[in-house]
Amino acid sequence: LEKSRAQRILWLLEELKVEYELKTYKRQDKQAPPELKKIHPLGKSPLISVQADEAADPLVLAESGPIAEYLIDHFGPQLAPIKWQDGKENQVQGETEEWLRYRYYMHYNEGTLMPYLVTALLLSIIRAKSPFFIKPVANAIAGNIESGFLSPNLDNNLSFLESQIKSSPNGGGFLCGSKLTGADILMSFPLGAAKGRSTFTKAKYPALWDYVDRIEAMDGFKRAVQKIIDVEGSYDPSL
């Protein structure tokens, strides 16, 4: 689906170097088209269909996190950190820091960060689309939500991510250490969108800014962007 979270699944497929067929869908009135409901009842994107040679029907997966975990489990274990510390296999608290970060960010990107960014988008739409005669009231309500709820939570999360990049295991340049993981790929969309909408600045969050620049400079990311441009004519990382 154009201008959607599905962009990062395309990057993941490029990193996995698996053969795939890309089907794109155009939004209708800024919503996913009804054709997607023929694939999954919710009609949302991203969706993938996996067909094993011996299977009668394809497996359809929805939601970025489960899609990424399934693809990495089967086709790209190199995109997940080593799970167990030496000598602590299958023990409680035996997991490596890299793996614990990986598991956390595979869920944090949608469970925590994206709701704040979507809230910011909705408030900007309310400000822009409110009729003239109620605009002062709409602006006041939006301003109160921003100052009392949105801005403190965004600042808290961005500060947290800044510290996580700085404290990456083994001095690594990614969220989970020195190597790219599926967690970085899933985080690329909310952070790229936030950077594109000037939600954070390099002056205030230099490590986070450089991290986004670093992942967007990777070959797999560039290949995915180019495929989007080839199909859609342009690439828009914003929400």
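These are my notebook entries on a predicted model of a protein chain.

**Entry 1: the overall fold**

I started with the secondary structure and counted 7 helices and 2 strands in the protein chain. Reading along the sequence, I wrote down the pattern α-β-β-α-α-α-α-α-α. Next I looked up the radius of gyration, which is 19 Å; the globule rule gives 18 Å for 239 residues, so the chain is as compact as a globular protein of that length. I also noted the box filled by the C-alpha atoms, roughly 65 × 45 × 30 Å along the principal axes.

**Entry 2: contacts and surface**

How much of the chain is buried? I found that buried residues make up 40% of the 239. For contacts with a separation of 6 or more, I see that 61% join residues 24 or more positions apart. The accessible surface comes to about 13,300 Å², and carbon and sulfur atoms hold 54% of that.

**Entry 3: Glu 15**

Leaving aside residues up to four places away in sequence, I listed what Glu 15 touches: Gln 78, Leu 79, Leu 180, Ile 185, Gly 220, Phe 221 and Arg 223.

Pro 46 sits in the loop between α1 (6–16) and β1 (47–50).

**Entry 4: two asparagines with positive phi**

I looked next at backbone angles in residues other than glycine. Asn 90 has a positive phi of about 65°, and I placed it in the loop between α2 (64–75) and α3 (97–129). Asn 170 also has a positive phi, near 60°; this residue belongs to the loop between α4 (135–166) and α5 (182–196).

Are these asparagines buried or exposed? For Asn 90 I read a relative accessible area of 67%, so I marked it exposed. Asn 170 has 70% relative accessibility and therefore went down as exposed too.

Note on methods:
Residues numbered from 1 in each chain as written. Predicted model: local features only at pLDDT ≥ 70, side-chain atom pairs only at ≥ 80, totals over all residues. Heavy atoms only, no water. Helix = DSSP H or I, 4+ residues; strand = E, 2+ residues; numbered from the N terminus. Buried < 20%, exposed > 50% of the residue type's maximum accessible area, 1.4 Å probe, protein only. Contact = heavy atoms within 4.5 Å. Rg over C-alpha atoms; globule rule 2.2 N^0.38 Å. Areas by Shrake-Rupley, 256 points an atom, 1.4 Å probe, with all protein chains shown as cover.
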